[in-house]
Amino acid sequence: MKAEQKITEVVAALIWNENRFLICQRPAHKARGLLWEFVGGKVEPGETKPQALIRECREELAVTLSVGEVFMEVDHIYPDLHVHLTLFHAAICAGVPQLLEHNDMRWITKEEIGQYPFCPADEAILQRLQNGEKTQRLTGSL
């Protein structure tokens, strides 16, 4: 009998620039390599979810975020990982995104979602975006 997997807390950012949002392509050498995702990462012990998201975006994109409300939470079980993903509305308040860890990044519209293969954990989020659900857009000022 397989032991129950520990749930990994993951945070990600829904960052808008007018009618486009930021997606990043995972490095080829990592699990789910070359799939697209929202920028973010694992919550470390002692961090709040917003603190983790700010740290991850500083490490991965060299930007400082302003973190807003939760857009959506998703549980997904991969063969190697059980994630609880919390996607926050966020805005870049300092810096210009740079590729420090990802293979590529793009600003895309909701209509372009189908052109990119995303990580399976993001599919419910993408469906909600495509359905045109009203999304709060956080501005870049604090």
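How many of the eleven residues of S1 are buried? Eight of them are, so S1 is largely enclosed by the rest of the structure; buried means under 20% relative accessible area, exposed over 50%, and partly exposed in between, with a 1.4 Å probe and protein chains only. This is a predicted model, in which local features need pLDDT of at least 70 and side-chain atom pairs count only at pLDDT 80 or more, while totals for chains, interfaces and linings use all residues. Residues are numbered from 1 along each chain as its sequence is written, and side-chain values use heavy atoms, with hydrogens and water left out.

**Overall fold**

- The protein chain holds two helices and seven strands, where helices (H or I, at least four residues) and strands (E, at least two) are DSSP runs numbered from the N terminus.
- Along the sequence, the elements of the protein chain come in the pattern β-β-β-β-α-β-β-β-α.
- Of the 142 residues in the protein chain, 43% are buried.

**Strand S1 and its partners**

- S1 (7-17) pairs with strand S6 (residues 82-94) in the parallel sense, over nine bridges; two strands pair if DSSP finds at least two bridges between them.
- Strand S4 (residues 40-42) pairs with S1 in the antiparallel sense over three bridges, and alanine 12 stands opposite glycine 40 in S4.
- S2 also pairs with S1, in the antiparallel sense and over two bridges, and here tryptophan 16 stands opposite phenylalanine 21.
- In a regular strand the side chains alternate between the two faces of the sheet.

**Residues with positive phi**

- Glutamate 18 sits in the loop between strand S1 (7-17) and strand S2 (20-25).
- The hairpin of S1 and S2 has two residues between the strands, and in it glutamate 18 takes a positive phi near 60 degrees.
- Glutamate 18 is exposed, because its relative accessible area is 69%.
- Leucine 34 also has a positive phi, of about 70 degrees, although it is not a glycine.
- The loop between S2 and strand S3 (36-37) contains leucine 34, which is partly exposed with a relative accessible area of 38%.

**Nonpolar cores**

- The largest nonpolar core has 25 residues, of which Leu14, Phe21, Phe38, Phe118, Ile125 and Leu129 touch the most other members; such a core is a set of buried Ala, Val, Leu, Ile, Met, Phe, Trp, Tyr and Cys residues joined through side-chain atoms within 4.5 Å.
- S1, S2, strand S5 (64-77), S6 and helix H2 (123-130) each supply at least two residues of this core.
- The largest share of this core comes from S1, with four residues.
- A second, separate core has 15 residues, including Ala13, Leu22, Ala52 and Leu61.
- In soluble globular proteins, nonpolar side chains tend to be buried together.

**Largest pocket**

- The largest pocket holds about 480 Å³ of space. On a 1 Å grid over the protein atoms alone, a pocket is an open set of points where a 1.4 Å probe fits, with protein on both sides within 12 Å along at least five of seven lines. Grid points are joined across faces, edges and corners, and the volume is the space filled by probe spheres set on the points.
- The lining of the largest pocket has 23 residues, of which Val10, Arg26, Glu37, Gly40 and Gly41 lie nearest its centre; lining residues have an atom within 4 Å of a point.
- S1, S4, helix H1 (49-61) and S6 each give at least two residues to this lining.
- By class, the lining has eleven nonpolar, three polar and nine charged residues; Ala, Val, Leu, Ile, Met, Phe, Trp, Tyr, Cys and Pro count as nonpolar, Asp, Glu, Lys and Arg as charged, and the others, Gly among them, as polar.

**Cysteines**

- Zero disulfides are found in a search of the whole structure, a disulfide being a pair of cysteine sulfur atoms within 2.5 Å.
- Cysteine 57 is in no disulfide, and the nearest cysteine sulfur, that of cysteine 24, is 8.1 Å away.
- Cysteine 57 is buried, with a relative accessible area of 0%, and cysteine 119 is buried with a value of 5%.

**Glutamate 69**

- Glutamate 69 lies in strand S5 and is exposed, with a relative accessible area of 53%.
- The C-alpha atoms of glutamate 69 and proline 50 are separated by 9.7 Å, and the two residues are 19 residues apart along the chain.
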